[in-house]
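Hello,

Here is the structure for you to look over. My notes on the ligand site and the backbone follow below it.

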Amino acid sequence: MEMRDYLEVNRANWDERAPAHAASPDYAVERFISDPSFLSSVVRFDRPRLGELAGVRGVHLQCHIGTDTISLARLGAQMTGLDFSPASLAEARSLAERAGASIEYVEADVYRALEVLEPAAFDLVYTGVGALCWLPDVTRWAVVVAGLLRSGGRLFIRECHPMLSSIDETHLDRLVVDYPYFQRTEPLILEDGGTYVETEVQFSHNVTHEWNHGLGETVTALLEVGMDLTGLVEHDSVPWEAIPGQMGMDAAGEWRLHDRPWRLAASYTLQARKR
Ligand SMILES: C[S@@+](CC[C@H](N)C(=O)[O-])C[C@H]1O[C@@H](n2cnc3c(N)ncnc32)[C@H](O)[C@@H]1O
């Protein structure tokens with residue numbers, strides 16, 4: 001399959017999974033309707049680092065079904081969500097409408113964000129776990145982030161750690177580094193008939209094209225486009241069972257290795273400010 005097809009291949013995968021995710025107890029969509037103060041577990045994890053969001057104009061890149069986007073809106077931000085998956089955005093719009101939240105959703109490839117959103121207009125660009133792996137080039141992403149932010153605006157990203165992404169999760173008894181740590185031109189082409197939440201749905205679009213980005217590559221890309229690094233914290237946990245059989249979940253919904261979790265950086269929070 002040629003490189004230009006990666007958007008099509010990945011979109012088919014996400015479009016098929018979006019309704020199953022919205023129906024899964026793990027995304028807790030109904031809790032957002034029944035409890036107007038409910039926040040996603042991802043945003044609850046971020047909250048101590050997020051700071052004051054009241055009145056902030058924010059954009060959530062790769063917003064999926066909008067559970068994190070609505071959580072940021074509930075913390076006072078005026079939010080726009082962008083995703084390339086129409087099925088994800090249909091779920092996000094339905095959730096916002098049912099919950100009475102005013103959020104603008106825009107359908108586009110993240111690399112086209114500067115064509116469909118107002119450049120240099122946002123105080124905050126937010127990106128949640130499992131976003132960068134869908135993008136072939138982290139520098140092109142950094143150009144988009146810097147282009148969306150006003151001077152002094154900030155990026156907040158919590159992402160799967162590239163060290164975790166380099167591990168072949170099919171080994172049940174040890175950690176085996178088998179996938180690229182550094183960004184490669186060629187995608188990692190994977191096939192997985194499941195998803196990361198509890199669901200009975202059978203999927204047919206199971207191939208994905210993914211790329212890892214080393215932590216230094218992501219930091220360097222941001223520095224090169226005029227962003228100053230203001231925070232970088234590595235965590236021993238992620239919000240899903242990334243290595244099945246080797247992880248346990250805590251009360252906050254975060255998964256870490258059962259055995260010596262200090263061996264593995266599983267996710268990170270990076271913050272940067274546009275000069
Ligand atoms: C795992 S979700 C990340 C959001 C968040 N962690 C969540 O669970 O709601 C990944 C999202 O990235 C979107 N995506 C993947 N490639 C994209 C691209 N090139 N442009 C825009 N969105 C993309 C997918 O449609 C999906 O909704």
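Which polar backbone atom is 2.6 Å from a nitrogen atom of the ligand, that is, to which residue does it belong? It belongs to V129. Taken alone, the ligand exposes 590 Å², and the protein buries 96% of that. Keep in mind that this is a predicted model.

**Ligand site**

The ligand is surrounded by 19 residues. The closest are Y27, H64, D83, V110 and V129. By type, the shell splits into 10 nonpolar, six polar and three charged residues.

V110 has a backbone N or O atom 2.9 Å from a nitrogen atom of the ligand. Y27 works through its side chain: an N or O atom there is 2.5 Å from an oxygen atom of the ligand.

**Backbone**

Two residues other than glycine have positive phi values. For A28, phi is near 50 degrees. A28 sits in the loop that joins α1 (6-23) to α2 (29-34). For Q62, phi is near 60 degrees. Its loop runs between β1 (57-61) and α4 (67-74).

Best wishes

Notes: Residues numbered from 1 in each chain as written. Predicted model: local features only at pLDDT ≥ 70, side-chain atom pairs only at ≥ 80, totals over all residues. Heavy atoms only, no water. Near = heavy atom within 4 Å. Polar contact = N/O pair within 3.5 Å; in protein donor to acceptor, adjacent residues only side chain to side chain. Areas by Shrake-Rupley, 256 points an atom, 1.4 Å probe, with all protein chains shown as cover. Nonpolar A, V, L, I, M, F, W, Y, C, P; charged D, E, K, R; others polar. Helix = DSSP H or I, 4+ residues; strand = E, 2+ residues; numbered from the N terminus.
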